[in-house]
Amino acid sequence: MLQLAAVAGREVPLDLLEAAGTPAEEALAAMDSAVAVGLVVEGETPWSWRFAHALVQEVLAGDLSRIQRARLHGRLGTALEQRAAPGAAADELVERLAHHFVEAVPVVGAGPARRYCAEAARVARARLAHGEAAEHTRTALQLLDPAAPDVARTRHALLTALAGDLLRSGQRNQAHEVTEQAITAARELGDRQCVAEAASVWGSVTLWNWRPHGVVDDDMVAVLEDLLAHRDELAGSEKERDRLSARLLGTLGVELAFSSDLQKGVRYAQRAIELARGMDDPELLGRVLNNYSLAVWGRPGAAELRLAAADEALALAGRGLPRRTEFFARMHRAAIRLHLTDLRGFEADLDAGRRLAISLSGPEVRPHVLWQQAGAAWLRGDARRAEELTTEAYELYRRVTPHARQAFAAHQFTLRRGDSRLPEAIDLLVETGDEGNPLLQLMAVVAAAESGDLAEARRLRARWGRTHIRDWASDVAVLLEAEAALLLGDEPEQEMAVVQLLPFRGRQAVLGTPSFSLGAYDELLGRIAERHGDTVAARDWWLAARTQGRLVGSPHQVALAESHLARVPEETATRPRRKRSTVPPPDAGPAVASA
């Protein structure tokens, strides 16, 4: 009797023991005796018991042979089925049914276990627990019967579901592998509809592009373009065709983010939005707006375009927009608003995102909230709190993706630069730069130069070469390229850097969605103007940088600008002898940034 209870779980109701084949009087007598000797205590609900210590339960269950344990799990699974509503188990029972029938496979077969694992995945997915859904789906795949009718189609459906769950839970590398398996399975079926379902997984909402920098998967692009060419065959109606087209076009937009044709992916994503706007489907529209935001990142005017996309998505909140899509839109918009020096908007989106995160699962949710909170602490001048938060985010996220270490390295550059301990970050920056991340390569060069080792900075520069960055890091890369040119004394590079910096005047250099600010572009433009002898323009830039520092609530930025202004008093400021300054004043014409 107690062994049956031990297999049933920590808390066991009388009706479950009775349904599992133990007469009520016998069960009551056994449990009363167990209460008397302290093995179990009364449960929270009437006529239920729980083990006084988990060790007692483990010992009782551990004394059973594997076949005995399987039989007891089978009895309990059957009993729970009887408690469920006719035709379907209640959501709260599904995971218990899956557990018991998986353990009972040797005596009842794989059918019930596979069915309830698939159901448990559906339930977990509905409450946004995609990591749990992935585990249930993996188990269902392992339990497939190779001789079952239509097993290839079932396997494809499970692989596609698993790929989506892995992607949504932040396990991108595994998601990529499983997606390829799902596409292979679909091709073996000779079913383009199945290929479309698998390929569309990569268009799911996300914070970052799932491809490494500069990578375009030509095979996936070919699959998606082939599906688009045959979309009329895949849809039974015009509405279905447009819905499928929007999903495929949005996915293509992101896949082509690093294409040499800067606008091809953007055009695909724009077309996806146009189709989705006519569908009365907030989930689809939110998805393709997210696709567009990723596709256009790093292009000219991207900040305003991405802000408009986030605004449009968030206008759907409470009207059918999934909470996860709203969360990602909040994180994206918060970073954009900080880039545009809108502190109040940044804080509002961060607070809304923090509240949404409470009800969301997935390893990328909590870390991004922590990173943005770290960015807010850094702005306020609380470097100690910023370091605590970014370290906590790294510890959570590093279990999922190697990109976590790269984000941590970028934050270490910012923090160590702020407390004049930049040499401590150089080794980490070089290691992560060697992994191929061009932003961290730039940071390593700047760190070495600012630490006084110009020879090492030049050696690193020669070792890695130059990479044009077109993603979340593009606006920060512009700042760092200019810093490197200034530190290394490269005048032609400085003049080119000014051209690239000017569109960002009046803005903050923000490290993507984690929202760490490296400061105002105006401050650096002032230093370049000073280097070229135009201290009048330099003072104008530093006055603008001080205003920005106040707007974003950054005492560090204000103090830095004021130190420059004190070092170059107004009465000593001069213009260069040549007719035209390398760096114009802050109000010289319109700005169109590419962040």
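The paragraphs below go through this predicted model from the whole chain down to single residues and their contacts. Residues are numbered from 1 along each chain as its sequence is written, and side-chain values use heavy atoms, with hydrogens and water left out. Because this is a predicted model, local features need pLDDT of at least 70 and side-chain atom pairs count only at pLDDT 80 or more, while totals for chains, interfaces and linings use all residues.

The chain has 31 helices and five strands; these are DSSP runs numbered from the N terminus, with helices being H or I of at least four residues and strands being E of at least two. Of the 595 residues in the chain, 54% are buried. Buried means under 20% relative accessible area, exposed means over 50%, and partly exposed is in between, with a 1.4 Å probe and protein chains only. The accessible surface of the chain comes to about 25500 Å², and carbon and sulfur atoms hold 50% of that surface. Such areas come from the Shrake-Rupley method with a 1.4 Å probe, and for residues only the protein chains shown count as cover. Among contacts with a separation of 6 or more, 67% are between residues 24 or more positions apart; a contact means heavy atoms within 4.5 Å.

Helix 9 (residues 130-142) contains His 136 and also His 130. His 130 has a relative accessibility of 5% and therefore counts as buried. Its side chain is joined to that of Asp 165 by a polar contact of 3.2 Å. A polar contact is a pair of N or O atoms within 3.5 Å; within protein, one must be able to donate a hydrogen and the other to accept it, and residues adjacent in sequence count only if both atoms are side-chain atoms. Leaving aside neighbours within four places in sequence, His 130 is in contact with Arg 125, Asp 165, Arg 168, Ser 169, Arg 324 and Ser 361. His 136 is buried too, because its relative accessible area is 17%. With neighbours within four places left aside again, His 136 touches Glu 95, Cys 117, Ala 120 and Ala 121.

Helix 28 (residues 491-501) has Gln 494, Ala 497, Val 498 and Leu 501 as its buried residues. These cover an arc of only 105 degrees around the axis, so they sit on the same side of helix 28; the arc is that of the directions from the helix axis to the C-beta atoms. Helix 27 (474-488) and helix 29 (521-531) are included in what covers them. On the other side of helix 28, Pro 492 and Val 499 are exposed. The N-terminal end of helix 28 is capped by Asp 490, which has a side-chain oxygen 3.2 Å from the backbone nitrogen of Glu 493.

The structure holds 45 salt bridges, each being a side-chain nitrogen of Lys or Arg within 4 Å of a carboxyl oxygen of Asp or Glu. In one of them, the closest N and O atoms of Arg 354 and Asp 351 are 2.8 Å apart. Both residues lie in helix 20 (residues 343-357), three residues apart, or about one turn of the helix. Arg 354 has a relative accessible area of 32% and so is partly exposed, and Asp 351, at 31%, also counts as partly exposed.

Another salt bridge joins the side chains of Glu 388 and Arg 385 (3.1 Å, N to O). Because they are three residues apart in helix 22 (residues 383-397), about one helical turn separates them. Glu 388 is partly exposed at 35% relative accessibility, as is Arg 385 with a relative accessible area of 34%.

A further salt bridge is formed by the side chains of Glu 431 and Arg 405 (2.4 Å, N to O). This pair links distant parts of the chain, with Glu 431 in helix 24 (residues 426-434) and Arg 405 in helix 23 (residues 403-418), 26 residues apart. Glu 431 is partly exposed, with a relative accessible area of 41%; Arg 405 counts as partly exposed at 25%. Elsewhere, salt bridges that share partners join Asp 311, Glu 326, Arg 330, Arg 333, Arg 337, Asp 342 and Asp 349 into one network.
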